[in-house]
Amino acid sequence: MSTDTPPLPSFVTRLKHFFSALTQHAADGFEKVSEEQLQERLSICQQCPSFTGTHCRECGCSCSGNNTFLNKLAWRSEACPLSKWPALTEETPPATN
Ligand code: SF4
């Protein structure tokens, strides 16, 4: 294992991040992003050194191109912890998928 690649946050930290994100997602009406917005976020993650290929090392969340419930990239209210992509709002176009 490479020593210059930080591991994912601890399970407890990941759980805290998840429930914090879930609270925001609920407050946002469980809105998701469109397929185009999802792929745009994923392309940014794929160029980020914190991306494992399946997760973000900064928050420990799952990041993929799938529009699934547990995918951070699919939730409209989510934002990159390093500000590489923003949370979206009601003013952004609604998800079409
Ligand atoms: S969410 Fe941000 S920090 Fe995490 S992998 Fe994607 S671009 Fe990198």
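Predicted model: local features only at pLDDT ≥ 70, side-chain atom pairs only at ≥ 80, totals over all residues.
The chain has 2 helices and 0 strands.

Start with the overall shape. For 97 residues, a compact globule would have a radius of gyration near 13 Å, and the chain agrees, with 13 Å. The C-alpha trace spans about 40 × 25 × 20 Å along its principal axes. Of the 97 residues, 22% count as buried. Now take contacts with a separation of 6 or more: 58% of them join residues 24 or more positions apart.

Next, helix 1. It covers residues 11-27, which is 17 residues. From first C-alpha to last it reaches 24 Å, close to the 24 Å expected at 1.5 Å a residue. Is helix 1 largely buried or in the open? Of its 17 residues, the number buried is 1, so helix 1 lies largely in the open. After the helix comes Gly29, with a positive phi near 75 degrees.

Now the core. Nonpolar side chains tend to be buried together in soluble globular proteins. Here the largest nonpolar core has 11 residues, among them Val33, Leu38, Cys45, Trp75 and Leu88. Look at Leu38. Beyond its neighbours within four places in sequence, Leu38 is in contact with Val33, Gly65, Asn67, Leu73 and Ala74.

Last, the ligand. Which residues are around it? They include Cys45, Cys48, Cys56, Cys63 and Cys80, along with Phe51, Glu58 and Lys84. The shell divides into 9 nonpolar, 1 polar and 2 charged residues. Cys45 is one of the residues around the ligand, and Cys45 also belongs to the largest nonpolar core.

Note on methods: Residues numbered from 1 in each chain as written. Near = placed C-beta within 6 Å. Nonpolar A, V, L, I, M, F, W, Y, C, P; charged D, E, K, R; others polar. Core = buried A, V, L, I, M, F, W, Y, C linked by C-beta atoms within 7 Å. Buried ≥ 20, exposed ≤ 12 C-beta atoms within 10 Å, placed from the backbone. Contact = placed C-beta atoms within 7 Å. Helix = DSSP H or I, 4+ residues; strand = E, 2+ residues; numbered from the N terminus. Rg over C-alpha atoms; globule rule 2.2 N^0.38 Å. Expected span 1.5 Å × (residues − 1).
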